[in-house]
Amino acid sequence: WFLLDYSRHAACVPPMSRALEARSDRPVHGAILLGVTFVLSGAVAWLVITVAGVAGAVHYSVAPLLCILPVNIVFRILLFGRLRVSANAIPLEQSWPKSAEGVKVSVIVPAYNEEGCIERTCRAALSSTSAGPDRFELVVVDDQSSDRTWEIISDDSAGGVAVDPRMVPVRGGSRDGADWKGKNWAVWQGFLKATGDVLIFMDGDVILQNGALESLLHRFFARDSVWLTVCCFSDFKTTAEYIFGLPITVGVMQALAVPRVDLGQQVYAYGQLNVFRRQIYEQLGGHRAVGHVVAESHELAKLAVAANVKIDAAFAFAQTRLEWYTDFHDCWQGQLKSICARLKPKPKVSRFLVVAFAIIYVIFLWLPWVMLPFQIVWLIDGSSDDAVALCSAALAGIQISLVFVQRVLARIKCGYKLQLWYVEPLTAILVAAMLIRAAVHPQAKWKSRSTSGSNKQPPRMLTADGLKSVLPWSSAKVVPV
């Protein structure tokens, strides 16, 4: 999708893009048409060159490498080269903005089985600002965890996080049979408990740095925003995260969306950190309106566009650290959950097209890595024409070097390490396996909870009395959608 999107805005194609968009109702249709044209052109070129190779004009070992070279250059270099983090970065601030005087901020954190990181998250958030309880509160909702999450966030003994008067631990209630997915129920309860005028929804694995709150508010009020979605710095630490290729497939790919979202050219929102004006969040229906889906931020963004609510987007690399997964199993489950959430609503035909794409994807990425050693061996033992073997080896070597250059760009622009850049063939197999698994059986679990369901409607609205029975502490007015 990013490749198609880039092709629509690349310097060489605006005339064609405009011509295509003139025949469509929405710009995205032009992108799809151009993308289809791009793919079909590539397929035809591959076929022609391969046939020519069989005929002797171009050797069969050179033809496929020659075909994928321009795609590699566009995707790995030109696409990543347009990323400008500094242009949309939030400056680091330490003082409370004057425009936010008299405003109270509620940071809402859902937590389910987060005993490994929730204490660090809470302490980092509380120490990131000197604002008192009249300006800031940290609402942490335990979503009926089976580990020590509640004990940690409610610990008010000496040294416990709940000693801080700004800390508001919430013991989440039962879902009461409603089809809440993911973190939506916990987030909604946090909203009901929060008293702030500005709401910041943050995942339990986001670590705020000093000045983070003030920086976010400066940006929020300077732009007179109503919704600011924030791209955090992904702090990849485990070997598994690099094997799964997360610095590219997650880190850079997510970062590419920031300028387009900020300009209103793409409907998207990051799930890890979002800043809302309370009245706008209520107007959209909040997480209750999207409580039946896993990719709640994307669905909420669609509601915002439908309601003509502007979404601002920015990088907060200096103010945040986002910790993803702890091991290989977590990586698999976490990525599979996201893929299943996107494929589940699609018709079966579309899902099986994804299987075909997964196979092509593996071949595409594996081809240079397989061809290079074979051509070197043939070049050494003389079992192949030297010119052909040398040409094939050179083409394969160039494309493998592009993998390294891509990671160098990710290092320069986003700060991600070069660690394990050479395991891309293994990454390709893992990604393809997840795509195929999700297409065949789009059901997944995350932390022992199912993330799939058949309900296409938001969870039912409880009456004030019904809400009181589920959440004894609640005295909040139920906001209709």
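**Notebook: nonpolar patch and salt bridges**

I looked up I429 and found this residue partly exposed, with a relative accessible area of 40%. I note that the model is predicted. I placed I429 in helix α17.

I then examined the surface around this residue. I429 belongs to a nonpolar surface patch of about 580 Å², together with W366, V370, F374, V377, W378 and L426. Two helices, α15 (348-381) and α17 (424-440), each supply at least two residues of the patch. I recorded that α15 gives the largest share, five residues.

I turned next to charged pairs. The structure holds 16 salt bridges.

Entry on R123: I found a salt bridge from R123 to E119, with the closest N and O atoms 3.0 Å apart. Both residues lie in helix α5 (residues 118-127), four residues apart, or about one turn of the helix. R123 is partly exposed at 36% relative accessible area, and E119 is partly exposed at 34%.

Entry on R277: I found its side chain in a salt bridge with that of D224, at 3.1 Å from N to O. R277 lies in strand β7 (residues 273-277) and D224 in the loop between α8 (212-222) and β6 (227-232), so the pair ties together parts 53 residues apart in sequence. R277 is buried at 16% relative accessible area, whereas D224 is exposed at 58%.

Entry on E282: I found a salt bridge between the side chains of E282 and R278, at 3.3 Å from N to O. The two are four residues apart in helix α11 (residues 278-284), about one helical turn. E282 is partly exposed at 27%; R278 counts as buried at 19%.

Lastly, I noted a network of salt bridges linking R120, D235, K237 and E323.

How values were computed. Residues numbered from 1 in each chain as written. Predicted model: local features only at pLDDT ≥ 70, side-chain atom pairs only at ≥ 80, totals over all residues. Heavy atoms only, no water. Patch = residues over 30% accessible without salt bridge, like charges linked within 9 Å, V, L, I, M, F, W, Y side chains within 5 Å. Areas by Shrake-Rupley, 256 points an atom, 1.4 Å probe, with all protein chains shown as cover. Salt bridge = Lys/Arg side-chain N within 4 Å of Asp/Glu carboxyl O. Buried < 20%, exposed > 50% of the residue type's maximum accessible area, 1.4 Å probe, protein only.
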